[in-house]
Amino acid sequence: MTSDQNESSGVSRRKILECMTWAGTGVLWSLAGGTPRSVGIIGAATAAEPSGLTFLQISDSHVGFDKPANPNALGTLEEAINKIHSMPVKPSFIIHTGDITHLSKPSEFDDADRIISQARLDVHYVPGEHDVLDEDVKLYRDRYGRGTKGTGWYSFDANGVHFVGLVNVVDLKAGGLGNLGDDQLAWLEDDLKGRSASTPIVVFAHIPLWTVYPAWGWGTEDAARALNYLKRFGSVTVLNGHIHQIMQKVEGSVTFHTAMSTAFPQPAPGAAPSPGPMKVADDKLRSLLGVTDVSVKRGQQRLAIIDQPLQG
Amino acid sequence: MTKLATVARFSFAVALLAMAAMFPAVSTRAADTQVQIDQFIFAPQRVSVKAGTTVTWVNDDDIPHVVVSSKKLFKSKTLDTNDRFSFTFTTPGTYEYFCSLHPHMTGTVVVEAATGSKAAQ
């Protein structure tokens with residue numbers, strides 16, 4: 001981050017120093033909406049200057065959820081979408097990493113579309129398990145499946161970055177975790193073939209592609225095969241949702257990151273009897289919900305990932 | 001089924017045995033069994049019942065679950081909070097099932113022959 005940016009954002013010298021401290025220990029702070037946020041990129045990256053591509057990740061909006069953990073999930077989704085308008089750099093597009101709805105009801109998909117379209121941005125979706133409750137995944141695919149393969153996987157390119165959306169919530173096996181399946185893995189291998197190892201890759205899917213906590217099903221059975229196809233690339237960013245909390249891990253050239261939900265938080269692994277919705281004090285809820293801002297800066301190996309709570 | 005069984009009781013022995021084979025659990029009057037889905041766990045995780053027992057799953061969680069037989073013998077609709085699903089087990093055997101949304105959630109129904117059934121006596 002340059003001093004120009006700091007001045008224009010009105011951030012105090014003390015805050016900048018805090019930034020520097022954190023950057024030194026491997027956590028990037030960046031400026032969003034004039035407020036520095038923690039949790040960012042580990043490694044050599046410096047704060048993102050908004051000069052390359054910036055996109056937004058939203059996840060787990062669970063439209064239709066009305067239980068005590070958040071009786072108005074549609075309202076907090078709207079708050080999340082409204083955050084876009086206060087961002088210093090408008091993202092180029094949105095990635096939604098699934099669980100758009102709570103029960104795959106047409107009315108829930110309609111409500112989600114109505115709110116998310118207020119962002120006036122392209123949205124690239126992958127489904128969560130809550131979006132594919134109908135037997136043949138018809139409701140999801142009718143809306144979001146155009147141009148996708150199988151149960152909804154696809155890839156696209158933007159600003160020299162190759163984006164891959166994967167589906168790991170269909171045809172899950174008893175006792176298992178998330179599942180990609182042979183067809184999708186074969187497609188992925190083919191999709192990546194022939195691409196230069198210097199192409200930055202962003203993979204997004206609902207359930208984490210790294211094993212966060214198998215006792216709660218937080219992982220993907222056959223993710224290792226996908227990561228094997230990705231290992232020759234110099235910059236791989238894996239964005240997931242599902243666990244309704246921020247987690248990050250770096251393994252070689254691969255950065256794994258999970259986003260907050262816009263609907264309700266879930267407990268840290270093993271911190272509760274189950275991964276069910278976590279009821280927190282009303283004034284704390286919005287500090288545990290939010291969106292993720294991702295910036296690609298040319299010449300940087302890692303993308304800058306900045307999580308922004310709705311509040312606090 | 002009860003009516004058929006009653007008729008069978010007044011029929012020839014051969015017919016009676018045939019009916020017993022077809023509806024082994026009819027006159028067992030097995031107590032129906034309930035499985036709670038609570039905190040992402042089927043409780044009890046393993047139930048043993050007599051053939052003819054109806055097992056009912058009740059979702060106590062704030063998150064939907066789907067009860068699916070591993071051999072695709074039965075599948076519930078999406079069970080939202082307080083929704084229930086029932087299935088009557090007529091044939092002895094071991095039935096594994098799981099939640100298709102959260103496949104780490106597994107359970108077993110063991111169905112034993114309906115001994116003591118009037119039809120079999």
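What share of the contacts in chain B with a separation of 6 or more comes from residues 24 or more positions apart? I looked this up first. The share is 52%, where a contact means C-beta atoms, placed from the backbone, within 7 Å.

I note that this is a predicted model, where local features need pLDDT of at least 70, side-chain atom pairs count only at pLDDT 80 or more, and totals for chains, interfaces and linings use all residues. Residues are numbered from 1 along each chain as its sequence is written, while chains are lettered from A and ligands numbered from 1 in the order in which they are written.

**Chain B**

I found two helices and eight strands in chain B (DSSP runs numbered from the N terminus: H or I of at least four residues, E of at least two). Along the sequence the pattern reads α-α-β-β-β-β-β-β-β-β. Of the 121 residues in chain B, 39% are buried (20 or more other C-beta atoms within 10 Å of the residue's own).

**Strand 13 of chain A**

I checked residues 304–309. Five of the six residues of strand 13 of chain A are buried, so the strand is largely enclosed by the rest of the structure. Strand 12 of chain A runs antiparallel to strand 13 of chain A, joined by six bridges. T292(A) stands opposite D307(A).

Technical notes. A residue is buried if 20 or more other C-beta atoms lie within 10 Å of its own, exposed if 12 or fewer, and partly exposed in between; C-beta atoms are placed from the backbone. Two strands pair if DSSP finds at least two bridges between them. Two residues are in contact if their C-beta atoms, placed from the backbone, lie within 7 Å.
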